[in-house]
Amino acid sequence: MNSKSFSMHAESSALPDLGPAPELTNSVWLNTDSPLRLSDLRGKVVGVEMWTFGCVNCQHVIPSLKSWYAQYKDQGFVLIGNHFPEFSYERDLGNVREAVQKAGIEYPVAQDNDGATWRAYHNGYWPTLYLI
């Protein structure tokens, strides 16, 4: 595809602007030394993925997310997995930690047991990826 056709394609498939992204208020995080806040990431491209480790569709997108993170993290891309459990066993931090390790996820993961971030984004499905 040449650059002209790419730009035409990009313009015709522009993503909707959903307004300002809600701040992340999660207190429990994996793969990071401290909680991440969007206000501290201003100016960076941030992906927030709503997922849960028991979701087969979530499992299917993890390889692509890992690839994007590996390829673009040194250019300032920040990927955050917001883990909102569907079932009770997914609420256990030990189970989340084990699933993250087993999947080889290196990007930060926030545990969202109370669903505060899930609801703030008016999310309804796993997986969903927001680009900020």
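Predicted model: local features only at pLDDT ≥ 70, side-chain atom pairs only at ≥ 80, totals over all residues.
Residues are numbered from 1 along each chain as its sequence is written, and side-chain values use heavy atoms, with hydrogens and water left out.

**View 1. Strand 2 (residues 46-51) is largely enclosed by the rest of the structure, because six of its six residues are buried.** Buried means under 20% relative accessible area (1.4 Å probe, protein chains only). Val46, Val48 and Met50 lie on one side, while Gly47, Glu49 and Trp51 lie on the other, and both faces are covered. Strands here are DSSP runs (E, at least two residues), and helices likewise (H or I, at least four), numbered from the N terminus.

**View 2. Strand 2 pairs with strand 3 and with strand 5.** Pairing requires that DSSP finds at least two bridges between two strands. With strand 3 (residues 78-83) the sense is parallel, over six bridges, and Val46 stands opposite Val78. With strand 5 (residues 128-131) the strands run antiparallel and are joined by four bridges.

**View 3. Glu49, in strand 2, is buried yet has no salt bridge.** A salt bridge would need a side-chain nitrogen of Lys or Arg within 4 Å of a carboxyl oxygen of Asp or Glu, but the nearest side chain of opposite charge, Lys66, is 12 Å away. Leaving aside residues up to four places away in sequence, Glu49 touches (heavy atoms within 4.5 Å) several residues, including Val61, Leu65, Ile80, Tyr107 and Leu129.

Note on methods:
Buried < 20%, exposed > 50% of the residue type's maximum accessible area, 1.4 Å probe, protein only. Lys, Arg positive; Asp, Glu negative; His and termini not counted.
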